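Q: I have a structure open that I have not seen before. Can you walk me through it?
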2 protein chains.
Amino acid sequence: MVALHLEEALDQGKARLAAYDALRFARYTDDFKGIPRGTVVFDDGPTVFGYPHIGRVLALGQGLVEQFAAPVWMEEKIDGYNVRAFRVGDRVLALTRGGFVCPFTTDRLPELMDIGVFGAEPDLVVCAEVAGPENPYLEASPPWIEEDVALFVFDLMRQGRPGFIPHARRAALVQRHALPSVQVFGRYRLDELEAIREVLVRANDEGREGVVFKEDSQRDRRAKYVTSNSNITDIQVTALNILELPAEYFTNRILRLVLFLEEQGLERSRELDERLGAAFLEGLLGAVAQYREEKKVFRTYRCRFRDRDNAQRLMTQLQQITARQVNVSRRSLKRQGSHWVLEFDRVYPSMCGVLGHLLGGGLVFD
Amino acid sequence: MVALHLEEALDQGKARLAAYDALRFARYTDDFKGIPRGTVVFDDGPTVFGYPHIGRVLALGQGLVEQFAAPVWMEEKIDGYNVRAFRVGDRVLALTRGGFVCPFTTDRLPELMDIGVFGAEPDLVVCAEVAGPENPYLEASPPWIEEDVALFVFDLMRQGRPGFIPHARRAALVQRHALPSVQVFGRYRLDELEAIREVLVRANDEGREGVVFKEDSQRDRRAKYVTSNSNITDIQVTALNILELPAEYFTNRILRLVLFLEEQGLERSRELDERLGAAFLEGLLGAVAQYREEKKVFRTYRCRFRDRDNAQRLMTQLQQITARQVNVSRRSLKRQGSHWVLEFDRVYPSMCGVLGHLLGGGLVFD
């Protein structure tokens, strides 16, 4: 039994009380005494531990040697958002990384995986990435997902227990319940660097975000590593709202890109220079053009629901969570086939403020 | 007589006592009650006011209309460092923007301008940019200065008085004493936007940094505006030490670049994308290669002196000023013709630390 220190966490503002319909729970808003951020404790119900941080190596060869002591499983890292799906009472819910119940993922879950697995394994926690062009959180999306979203399981946990189900057992459960899984590229010894690099170069060419290494040992140590192209993609999709993110978001990605090139022995090319430059300029010119036309900088998101009420729940939640940084406003909610399609805008207040000041001829002192 | 509030500024840590040889003075380290940072008050001697901040417009057309109420002089902005040259007792000294006596500029001043002007005008303060490939402060340098440094006067002040000598009087003094001056592109009405734009597009093509507008009126209001190319140059020369600068340094320049393009009606081109991407990648790949070879990231500076002692003074000053952020270490000091040539390195500790950690296979959590 893991000590949750819940009262203390609540007292110190490291956990907060919340509710979803009639379900009441506490949510850890920070790491606290070994309990990860995003851990959720239901009243008279289960505890679902948070998904722990995975560190990133930027130099692959040296990173493998430094971080691991046994062969590693190499799995695809998908560019989406992290959820934990589980059963509480007779409902199946999906939590975001931060420990919010996600109305969108919860609504769509039966269409994204066989939730019958929770009948057979009632205390299972399915850790997965949800990704695709029609998701409510991220602009980026894997290029091979053409519409809607898909779910990719990458870990399994048990309620009330931190830590993951070991690889072989996870593989067996995934197979038995036909769960959609991330690609597992294989198990590699630490000296099989050439083979690992080949996988990475191919992943980069295919527009994949990167990989996660998981040590095949009891301690199950992990590290992630991303491809060069995913850094450019990140810049490309966020340049429109460059002022809403810490500037380090951008400089870190350029550093990662350079270390990927250097590590993989890839040459800097005119094409790469051009893609990096275009990633910045296209988005920002778009922001300026948008501001000139509409007097605001925003991006429209679209996602579909089975139940109309969940769309409203999502809007309410987004408006509460993001009120300070980004304004969320609904465009439309329309029936389309068997779904309700929600469209909403994220309006970027810093972009609007700064472009308004600058395009209005204001001075800056720097 | 302007109130200096010096005792108060010293008490509050907004001014500090300093010395240069036998000269003792106080230096304002911050703007304080209307006295600009960099103001210097000599014991029993003159006061030299700091050079005030000039705001930047990023949208030219609207900026001119917003900031000015009368025609403006348009002058070249040179990519160098700001100095104020003046006479105290029988010496002529040069102050940096921050109010340090610059041993390099002070040493070279008689070769950069006719200091006889201070015989005729003892209380003159010459405000100038010093620029060129062999300067001790900046990596960037105007492309048409092939070696050493040159000095470009852009304002004149009087000792003990804030504010500038008006344009016509300045022009007369510059001419009479044959002082090297920045280019004055002309005097423009605010509705002559097309003519102003033509000058800017040409300046951009010629690799010039930008322009300063000075209102032809008693209030002498100013604003600066930089070219697209100068933003790329800034990124290019600092990418090697990207982690030593605030990340906003880079994102701001990309924003300025985009606003320049949009303002001037220039198309985004493949060539521009490529140059922006290359500006980041070339420098950073260089830093990684340098770290692999030399276990540090550094840049070598070179500058020449008339007097050997001044080279030592500069080294001592740089080591004191930059101790916390950047390590400065001397490479060599050699006689060459009529000069002493100093070579020294700036070693970038954050680059060394981060690359050491990452290339050693360390993890980052973000």
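A: One term to begin with: contact means heavy atoms within 4.5 Å. The model is predicted.

Q: Start with helix H5 of chain A. Which elements do its buried residues pack against?
A: The buried residues of H5(A) pack against strands S6 (72-77), S9 (124-131), S10 (150-158), S11 (184-188) and S12 (210-215) of chain A.

Q: And which residues of H5 in chain A are buried?
A: H5 of chain A covers residues 167-176, and A:His167, A:Arg170, A:Leu173 and A:Val174 are buried there. They span an arc of only 130° around the axis, so they sit on the same side of H5(A).

Q: Which residues are exposed on the other side of H5(A)?
A: Those are A:Ala168, A:Gln175 and A:Arg176.

Q: What comes just after H5(A)?
A: A:Ala178, which takes a positive phi of about 50°.

Q: Switching to the two chains. How many residues are in the contact?
A: Chain A gives 53 residues and chain B gives 53 residues.

Q: What area is buried between chain A and chain B?
A: About 4,700 Å², with carbon and sulfur atoms giving 70% of it. In chain A, the residues that lose the most area to chain B are A:Glu274, A:Leu281 and A:Leu363, together 13% of what that side buries.

Q: How many salt bridges cross the interface of chain A and chain B?
A: The rule finds four. A:Arg270 and B:Glu274 meet through their side chains in a salt bridge, at 3.1 Å from N to O.

Q: Which elements supply chain A's side?
A: Strand S5 (56-57), helix H2 (60-67), helix H8 (248-264), helix H9 (270-294), helix H11 (349-359) and strand S17 (363-364) of chain A each supply at least two residues to the side that touches chain B. H9(A) gives the most, with 14 residues. The residues on that side of chain A divide into 30 nonpolar, 10 polar and 13 charged.

Q: How many salt bridges are there over all chains?
A: A search of the whole structure finds 68. One pairs the side chains of A:Asp234 and A:Arg253, at 2.8 Å from N to O. A:Asp234 is in helix H7 (residues 228-238) of chain A and A:Arg253 in helix H8 of chain A, 19 residues apart.

Q: Are A:Asp234 and A:Arg253 buried or exposed?
A: A:Asp234 is buried, and A:Arg253 is buried too.

Q: Which residues of chain A are linked in a network of salt bridges?
A: A:Arg108, A:Glu111, A:Glu134, A:Glu147, A:Asp148, A:Arg302, A:Arg304 and A:Glu343.

Note on methods:
Residues numbered from 1 in each chain as written. Chains lettered and ligands numbered in written order. Predicted model: local features only at pLDDT ≥ 70, side-chain atom pairs only at ≥ 80, totals over all residues. Heavy atoms only, no water. Buried < 20%, exposed > 50% of the residue type's maximum accessible area, 1.4 Å probe, protein only. Helix = DSSP H or I, 4+ residues; strand = E, 2+ residues; numbered from the N terminus. Arc of directions from axis to C-beta. Buried area = accessible area lost by both parts, 1.4 Å probe. Nonpolar A, V, L, I, M, F, W, Y, C, P; charged D, E, K, R; others polar.
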